[in-house]
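Here is a short briefing on one structure. Look at the model first, then read the points below.

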Amino acid sequence: MEYFLQQLINGLTLGSVYGLIAIGYTMVYGIIGMINFAHGDIFMVGAFVALISFILFALTAISLPIVLILVLLISMVFTACYGWTVEKLAYKPLRKSFRLAPLISALGMSIVLQNYVQAAQGARIKTLQPVIQGGFNFFKESEFVVTLSYLQIFIVLVTIFLMAIFTLLITRTALGRAQRACEQDRTMTALMGINVDRTISMTFIIGSSLASVAGMMFVMYYGVIDFYIGFLAGIKAFTAAVLGGIGSIPGAMLGGLLIGLIETFWSGYISIEYKDIAAFSTLVIVLIFFPTGFLGKPDIEKV
Amino acid sequence: MDKNFLQSSLKDSLFTGLIALALFGPIVGLRTVAVNEALVVQPKWLVVALIVAFCAIGRFFINIYSFKKEQRRGEPSSLGKAISNFLDTKGSQIALGAIIFSVIFPFMPFADRYWMDIAIMMMTYIMLGWGLNIVIGLAGLLDLGYVAFYAVGAYSYALFAIHFGWSFWICLPLAGLFAGMFGILLGFPVLRLRGDYLAIVTLAFGEMIRILLLNWYTLTKGPDGLTGIPRPSFFGLPFKRYPDEGVETFHTFFGLEYSPMQRIIFLYYLILVLALITNFFTIKIRRLPVGRAWEALREDEIACKSLGVNPRNTKLTAFAVGAMFGGFAGSFFATRQAFISPESFTFIESAIIVAIVVLGGMGSQTGVVLSTIFLIGLIEVFRDFESYRMVAFGGAMVLIMIFRPKGILAKRKPTITMVKEK
Amino acid sequence: MSEKLLSVENLTMKFGGLIAIDDLSFSAMKDQITSIIGPNGAGKTTVFNCLTGFYKASSGSMFLNKDNKTLDLKKFSDFKVAQKAGVARTFQNIRLFPQMSVLENMMVAQHNKLMAASGFSLLGLINAPSFLRKEKEAKEISKYWLDIINLTNRADDNAGDLPYGDQRKLEIVRAMCIEPYLLCLDEPAAGLNAKESAELNKLLKFIQKEKKTGILLIEHDMSVVMGISDHVVVLNYGKKIFEGTAQETKKSPEVIEAYLGTEE
């Protein structure tokens, strides 16, 4: 029971991270109908920017809460530039091309990002000293002590906070309206005088900055990153997006939490070596039997 | 060039510089280095300054160039067209020339060990490209897990050869069949998925196979890999300097001086023959009903259904045939290396093969050859800049897609004609 | 009176809460042209999609009389309707294989026959004479149809490069290559000019008279409908509101009301 509770806490934390990345997939898919293959690597870049900022701020005497906010903002801004650039280079020139073309160029972009970070930052793993320490302990008298760390609380709270802001942004602002219009019909939206290019750019920027927050959480939670983390995290987050119903933002969050839980419970109870297999098989099973996900719209084949 | 234009392009380049600063500032400018087990930051501002200046100035010149181009618009970009026209008209002669060249290649004066190794590697990629061309180019199924079949071929070859001691010519077809069956097994559930979903699922399958190979220690020896895979022999004659007692070797049988190059040359011809078989098979099957159905499915699946073409079976055959050739190539890889480990079968291999097919021009056999020479050549040229070669590779993928989204050779020849061929 | 070819009974198709076809019954005769007409959104194309297996009907039944056997069309999924039951169709927004040549389009339509002849490609790979003979036959059949629509000289051009009217006609003869018992045409005259639709009429008459193939036709162009239909079914909001000959249809008050509205 205690063990179960601990896995639940860990799973929800991990799920928040996946959910934040999944939002980027789902938004981009919603607006241009394509998978952003480079999104996982954007998450990785975000993690690196956060790592570097943490190291720099460690030299100063700024208090922890302010450091956290600063790192958050810095990684969001810098990583958003990456998202913007990926869209401009790999997607925009190919918007009217045949379907596989942008997939290939995004794949190329993903290879570039991974190896560029490897070249610039080195291939060895990077470790970060714990930034937030301590936590609450429960069931102290039992054999297995359940820990809910402050860091986990921080991660979940930030995720909820960002989700709330973000939902407001999509449902209440002109940008959100433009985005939803672009999803329905891009040509018509352009005819209504909305700058479609800018709307698509904004989608990539928002998705990337959320991924960078996920990256920051990741580096704080695990304390270890390398240039390759984007690949696996990307696939898992994509699974989350599909599971929740691709195109649906609450779905992405829900899917993220589910994938996080599946992964932790699998490693906790079944086999840690095959924990990635759990994520991959979930992906395969979901796509084959359940392609619309929980909150997605059914996709009727138009004849 | 008026003043307004200059002003706006200056502004634009400044903006580009700013973006470049944001992109490269933290990642390149602040390199994290471990000192005494703690990370410190090493600033590299000069490099960043150079990159930013390069981006800004480059952007400025691109602006001016494209402004000039705007003035003399109408000239189609000629190089690609010229190449494809040339290849269209002289296609068969060039193909013949290329085959002759590859046959006499080992006897060229410059063909030393280094060149032979590169040639063998390129041939392997060409074969894989031709195999995958059936799946992606003809049937239009974006398979990002092709390396899985390569791995299945290599491992099944190795296991057959090590445990049963069967010869190359028995293990090779078995490994190919095994990989093909694997293709059917994997393809069966996933082939009704839409394009990009199929891509992701095949990618996941590819990774699952790799994880399985890594962890199934009793069968695959995990990360240690399989060693001692028998080297191929020339119809029973081994390539060895000091053979076991009473065993005739290749050099003694033909009365030659022993040279390690003999085995390399044999391997080269082996992969050349395998690749050519793949090529001729593909050319032939494309003209058969099943090949035409592959292409029709790529064009319009719904129309195919309305004509009574079974989409699932047709796609499955493409998947299985592609997987089989992947398996053949895997067998060759295993026997050439004599050692295989899961490290050789990562996602990046799949990406390289996909890039070869798509950049060559979907469905074009000659295109595969050209893009292999270009891409693998690029990786080779950058060999000394270890970490930058994949950056260059990925960059080339993006650039070719932007400038020639249909690949180097985009033109398709009909598989059957009413009028006799011109 | 000729034989009954197709009988649709109590066919209903629901999408969620929307009833696209409501308890529809009608039948089509062998070697006759039966037209389904109705305002936009009346559910005409949905009827086709149910018949040809692209949609699974919510309830009701569809039977096809083929060589004195009665086939339940509901039992056939998409491609099997064409392969096993011999029901061919065309599409409202032409679906050719645009990057393949005209002749290749015709050959793909003869896929099942050729596939069997190629011995699942094995005989084909070794250029077996039996396969080459079949392939030549298939080419001849293609030429026969292309001659009829005057496209033989463009047989080696990409289908996507043909003018619109030719693409329509090609799609129809391509469907004929599967040697269907029932040919379902979804607005074949859409976008054709007067001369082209006259040619179309001729082609459809030819198919009906010479090939003894039943035709089910969805059409808005009344000159086509009135010119060639033996029988007309009128739909509105998924319901059948009238059934009769072309002449009767023209005079029916229900039909006029559905198209023009009522006088207040």
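Where does Arg124(A) lie? Arg124(A) sits in the loop between helix H4 (100–121) and strand E1 (126–127) of chain A. Helices (H or I, at least four residues) and strands (E, at least two) are DSSP runs, numbered from the N terminus.

This is a predicted model: local features need pLDDT of at least 70, side-chain atom pairs count only at pLDDT 80 or more, and totals for chains, interfaces and linings use all residues. Residues are numbered from 1 along each chain as its sequence is written, while chains are lettered from A and ligands numbered from 1 in the order in which they are written.

**Arg124(A)**
- Arg124(A) is exposed, with 12 other C-beta atoms within 10 Å.
- A residue counts as exposed at 12 or fewer such atoms, buried at 20 or more, and partly exposed in between, with C-beta atoms placed from the backbone.
- Phe227(A) is 103 residues from Arg124(A) in sequence, yet the C-alpha atoms are 8.5 Å apart.

**Helix H5 of chain A**
- Gln152(A), Ile155(A), Thr159(A) and Leu162(A) are the buried residues of H5(A).
- They pack against helix H1 (2–32), strand E3 (146–149) and helix H8 (196–222) of chain A.
- Contact requires C-beta atoms, placed from the backbone, within 7 Å.

**Chains B and C**
- The contact takes 32 residues from chain C and 27 residues from chain B.
- On the side of chain C that touches chain B, H3(C) gives the most, with five residues.

**Domains of chain B**
- Chain B is divided into domain 1 (3–71) and domain 2 (90–403), with bounds from an automatic or database domain assignment.
- Their centres, taken over C-alpha atoms, are 40 Å apart.

Conventions: Two residues are in contact if their C-beta atoms, placed from the backbone, lie within 7 Å.
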